[in-house]
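Welcome to this short tour. Keep your viewer open and follow along one selection at a time.

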Amino acid sequence: MGKIIEVKKINKSFGNKQILHNVSFSIDSGEILGFIGPNGAGKTTTIKLMLGLQSIDSGDVIINGCDIKTDFEGAIKRVGAIVESPDLYMYLSGRQNLQLIANLYKGITKEEINKIVKLVGLQKRIDDKVSKYSLGMRQRLGIAAALIHKPNVLILDEPTNGLDPEGIKEIRDLLIKLAKEEDMAILISSHNLAELDNFVTNVCIIKNGKILSSSEVKEFKKLKNTTYKLEVDSTEGLAEVLGNVCKIIDKDSLELQVEKEEITEYLEKIIKNGKKIYQVVNEELSLEDAFLNKAGGNEID
Amino acid sequence: MKLIKLIYNELYKIFHKKLIYILAIIAFIITALSGFLITKVNNNSVNALFIETYRQELKDLDLSNATNVQAYVTMQPIIDAYDISKEKKLDPNGPAQYFLDNKISDVITNYYNAKYVEKNEEKAKELEEEKNELISKLDNFDWKAYINEQLEQMKNLDEIGLTDDTAKEMKRVYEYRLNNDIPLAYTDASQELDSYLTAYASYDASNKKDTKLMNHNEKYSFEMAQAQVAKYQYRIDNNMIKSDYKAISAQSSFVGIFGSVSLFITVCIVMIAGQIVAEEYSKGTIKQLLVRPYTRSKIIISKTIATLIVVFGFILFLAIVEGVVAGVTTNSFSSLTQPIVEYNYHTHQVFTMNTITASLMKLIGILPELLILTLFTVLISALIGNTALAVVLGFILTFIPSMFSGMIDKFKPLSYLPIFTWDISEFLYGGMSFSESLTLPKAIGVDVVTIIALIIGIILVFKKKEIKNQ
């Protein structure tokens, strides 16, 4: 039995321009995959291919054991998704929107709809027209629409757009709960890494249509040397002594990117150089630093 | 089963938008307004202002001038007739007024001619006496006596060997008037009988020709006249033209809606079909639908079926509005239970059907047009994803036939275009088309092929359509 979502070497071109090159990754139940990349990297295109919204040039997308190309209904049956933005019918109320979607599945009761509405925190405004909603409220309604049929796969394209920090935290908590308690496989795309830190279990970095790295977050953070921030009386001449692991920040502070075991060795070199060390801080690498290091800037070609 | 859920949702969306209600309200207002206006306009009274102008012109006219005499002789009889009508307080639509307009007016005109143009005093005096005698008949006008008089005169003609068919029919109509209490007047019943005589005269004229020598147009007109005459005769034979007959009745208005793809129906089709796919693409809501466990074929088929349901519903709505407005304005709801007479062109027999059957038959006649127009607009809507453009193209399609229909017989390949074959009303009971290049098998063949091609096109386009990145 494979994983819940398997994306195998998918390729996609628009005209002469190849947008995706052999994109592969997989997600298992209980995992939250952060699908990270700069704007224009191919995140949304990948998601559209996974959901059958665009045709796949080559490669396969297998969801719950069904190929999206040959068994669309089987593959999409237990998938909930938001693509680009939660586009709902503006002339209907939030509840009417959810009811329309519920109509498409068997046996979704009014109580279940109410439960979902409560889950996303929209109970007070659910009978208002969507045209009166803020972007954040539409985002919540979009998540409700994606959850209404109790999917085991959730694919969310930039779901935190338009949400305030509190809203982001709520969504984050909700997704963690869904992954843990409902054992869902969740894919969440974002260009804002800070949001995904301490929240996703796996990351997959895409740039210019190619997967740069794909691993568990724990592994991912280990990939980089640890950073130590030092405060000294003077940084003069230290660059030559310490070599390329050293990054001089200003006249009295610098950064060292070295392994834990090596730090004493470098501190000794500084003292031997006649400098005074006032402070040594071990800076834990954020997902964002790790990403920037890996993706190297945001240029789009 | 799955398709029904989708269709239900599509209908739910359509009926939660303002569009359909705006269309319905506009259709209702215009129908009601025109219905009431027609009853107001349908009034035979001469405009008083018009008479006043005549009077001014004739005032102090120098009758020594020949041109002036001519003007006087033309206008004065009209003024006289108007004054007589006013003086006698005649019902403007009644038999006395009709008698005044059709009989007395001639005598008045002749009188003025004799007096001022011919200057024949003796003749003028005779005519004046005749005129006065006729005018005196207007008080308590006895139209039956007048018709009997006419019949009496015909009897004399009969004796001297009159066998003219038209005259026979005239006699029949006079007798029918007496039996059914339909005076010669400005009533719909009376005019219906007059129309019969007109139709009979034109039929009788062609009937004397050899059909083998007729060209298509002559044959077509002859068949039409034949059918018309047969239908009238059936109604006369069965006393179906009653004295309270209304040309515009609840029945004729209700059934009439199904007879052609009118402007309102076209607007409804192109508005609903034009937006059903395009709007969801432009607003992005289509994604909510496409990530659900339904194949694209099912989604687009459900949208097309929902459009057709709304179109048929709208036609029924229009028919009811037209029927109710006509029923109220002409007090003719009882007409709905009357049978409708049709003519079978093959057996040359007349047959009847009820209001519902007649409406359904008419609907079958325009069914290809409804389907092709709807499918075409859905296709455009899916193809270009632009509501406005789909609506405009749908409209253009409906106006092409009227622009080029005269050219079909000159350029035969045109007759293979569905816009010329989609109205099969003329063929329903075995009739022929106005165009010699159009026949029923050909029309149905072209229509079926077009409909299948459009359905395949719609499914293919929708299946291949990618959700573009925003």
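How much of the accessible surface of chain A belongs to carbon and sulfur atoms? Select chain A and show its surface: the total is about 14200 Å², and 47% of that belongs to carbon and sulfur atoms. Keep in mind as you look around that this is a predicted model.

**Stop 1: chain A as a whole**

Switch to a cartoon view of chain A, where you can look for eleven helices and 14 strands. Along its principal axes, the C-alpha trace spans about 75 × 45 × 35 Å. Chain A has 301 residues, and 51% of them count as buried. Now think about contacts between residues at least 6 apart in the sequence of chain A: 67% of these join residues that are at least 24 apart. If you colour by charge, you will have 41 positive and 45 negative charges in chain A, and their mean positions are 5 Å apart.

**Stop 2: the domains of chain A**

**Stop 3**

Most residues other than glycine have a negative phi.

Select A:Glu84, in the loop between strand S6 (79–82) and helix H3 (94–103) of chain A. Its phi is positive, about 60°, although A:Glu84 is not a glycine. Is A:Glu84 buried or exposed? Because its relative accessibility is 15%, A:Glu84 counts as buried.

Then move to A:Lys150, in the loop between helix H5 (135–147) and strand S7 (153–157) of chain A. A:Lys150 also has a positive phi, near 50°. With 52% relative accessibility, A:Lys150 counts as exposed.

**Stop 3: over to chain B**

Chain B is assigned domain 1 (2–42 + 247–464), domain 2 (45–141) and domain 3 (143–185 + 188–244). Colour each one, then look at domain 1 and domain 2 of chain B: their centres, taken over C-alpha atoms, are 53 Å apart.

**Stop 4: a serine in chain B**

Finally, zoom in on B:Ser381, in helix H16 (residues 355–384) of chain B. At 0% relative accessibility, B:Ser381 counts as buried.

Definitions and conventions. Residues numbered from 1 in each chain as written. Chains lettered and ligands numbered in written order. Predicted model: local features only at pLDDT ≥ 70, side-chain atom pairs only at ≥ 80, totals over all residues. Heavy atoms only, no water. Helix = DSSP H or I, 4+ residues; strand = E, 2+ residues; numbered from the N terminus. Buried < 20%, exposed > 50% of the residue type's maximum accessible area, 1.4 Å probe, protein only. Contact = heavy atoms within 4.5 Å. Areas by Shrake-Rupley, 256 points an atom, 1.4 Å probe, with all protein chains shown as cover. Lys, Arg positive; Asp, Glu negative; His and termini not counted. Charge placed at Lys NZ, Arg CZ, Asp CG, Glu CD. Domains from an automatic or database assignment.
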